[in-house]
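Reader: I would like to learn how to read strand pairing and chain contacts in a model. Could we take them in turn?

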Amino acid sequence: MSGPKPDKNSPARDPRRPVGGGDCDQRFRIDLMGVRSAQAARLRPGDLLQVVLLYDGDLRAVVCQTDRAETVGALSAFPGLSQLIECMEGGATYSAIVERSSPQACGVFVSRSNG
Amino acid sequence: MIVVGGTYIEECDWPEWTRLMGPGVRAALALSEVSPQTELYSYANDAVIEDLRRTMLTNGLATPQVRTRGEKVAYSYKHPLSYPRRTPKLEETPDDSAAPQLSESWSVKGDTVLAFRLQETKIVVSAKRAVFELSQQDEEIERGDIGKLALIAAENDFPQAAANVQDFAAQTMPAHNANLLIFRWQSGGGILFDGEMEHSIPAYVANEWFKIGTGNIFCAMFAHYWGEQNMDAMAAADLASRCSAYYAGSRALPIPVSQNLPDMEKFDPTADCKIFIASPCISMAQQWLVDEAIRTFEMLRIQTVTPYDLGLDGVSRKNVDVGRVLDGCSAVLVLAEGADLPSVLAVGLALVRKLPIVVLAEESREPRVSLWQGTDCEIARDFASAVYRAMVAGKRRPAG
């Protein structure tokens, strides 16, 4: 996966925007894209990953990272990606539980962790 | 490369899977590592256009060229070997002012172009090298100014052609003025027709079989290696077959560069085999699963012996010698964890005959699975993978 990096200039949370809201309570099962073999090979079912929004100019990407901030792969190619990004920009946070992992692939279950 | 192809929502129940995919999206994502300049031309509904745009950019690809279609289209599969259900049904599609009429074609021009049929419009392709995936509606992709053209057809789209692929190639290649034609088998691999020459493309063994979109991966990777890299057509087809098996086994995108593909064993997709299906077969649910396995093997053109043949559905049969029946089989597929006595006995007889045995056990905590530990039986966690593993095992050990 290329491109986005954590950006010090990422927009601050809009205080007018509620963290709650049913539209942001997304829960879904998905395979990560662009899996990084070294990170994925160390994961086990049940491991917890953080869902992180990365910025690179206008580009925003959602990735799953380990507790050492190592990116495992990206969340993309699903209906609702834009909604997820909007929710994260509004302050919603998400985590992902690893359900299967190998050097080639990583399947996770994503759910909201606040609100 | 330019990829032309649809954007749809794809859903599968077993294994659970929901994506924004379709042939165009999947092919473009598959290529994003080996060919990051790839550009997608597609139709998408307003509700998912932003998701599509972000997906392409996240994966390092260019902003896609997207035309708007009126309705959101989804394809739903019960499992990866089932027929998908399209929503909305084609006859329910309204007259849609947002989508151009079919007569308004979309001209696409590039060095290398991979074209899948679009449901919304005709495509006119001009390229130095082009790859078209053929469908029954193949008149919807038109030849513009093309240097070299490869056609790829799939057995599931042209089942009648499988009986005589040579005739199919002899008719189809001149009709399109094509240099190459690849006919892909359902079970993997295929045949490459290169002018007058004919080559077998091997199939590669995958641990699991997520078949949805494997043909798109084949087309994308062949278009890259043959169309962009100018690789020899047979070498490109062999690599495409490997990539396709890699995707079926991992569901991982993008496809890595060839040096990073794992080693995979080959098998002959045209080998004959017969699969013994062992399963309880009394209740409707049990018979539904057996029927689904029979239908799937028929689709793969594989013979079966089923609980119906042995009188295990409550309708007695006379003089059935299970041992002799097993002597004529190449592998055993055990459904429903083999939760009945006849299945256990059949597996015992199969073990004595050293037949490969694949057990479908969807629930890993199911205590019956422990029955099979230490028996060299393979455990498959989903139906499609169980059918596939039994097929591969059978083709590697042809019926006696």
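Reader: Which residue stands opposite Ile9(B) in strand 3 of chain B?

Author: Ile9(B) stands opposite Leu20(B), where strands are DSSP runs of E of at least two residues and helices are runs of H or I of at least four, both numbered from the N terminus. This is a predicted model, in which local features need pLDDT of at least 70 and side-chain atom pairs pLDDT 80 or more, while totals for chains, interfaces and linings use all residues. Residues are numbered from 1 along each chain as its sequence is written, chains are lettered from A in the order written, and side-chain values use heavy atoms, without hydrogens and water.

Reader: How many bridges join strand 2 of chain B to strand 3 of chain B?

Author: Two strands pair if DSSP finds at least two bridges between them; here five bridges join strand 2 (residues 8-12) to strand 3 of chain B, and the two run antiparallel. Both belong to an open sheet of four strands in chain B, in the order 3-2-6-7 with mixed pairing, whose edge strands are strand 3 (17-21) and strand 7 (85-87).

Reader: How should I read the size of an interface?

Author: The size is often given as the accessible area lost when the parts come together. With a 1.4 Å probe and the loss summed over both parts, the area buried between chain A and chain B is about 2000 Å², of which carbon and sulfur atoms give 49%.

Reader: Which side chains meet in a salt bridge?

Author: A salt bridge is a side-chain nitrogen of Lys or Arg within 4 Å of a carboxyl oxygen of Asp or Glu; between chain A and chain B the count is two, and one of them joins Asp31(A) and Arg251(B) at 3.2 Å, N to O.

Definitions and conventions. Buried area = accessible area lost by both parts, 1.4 Å probe.
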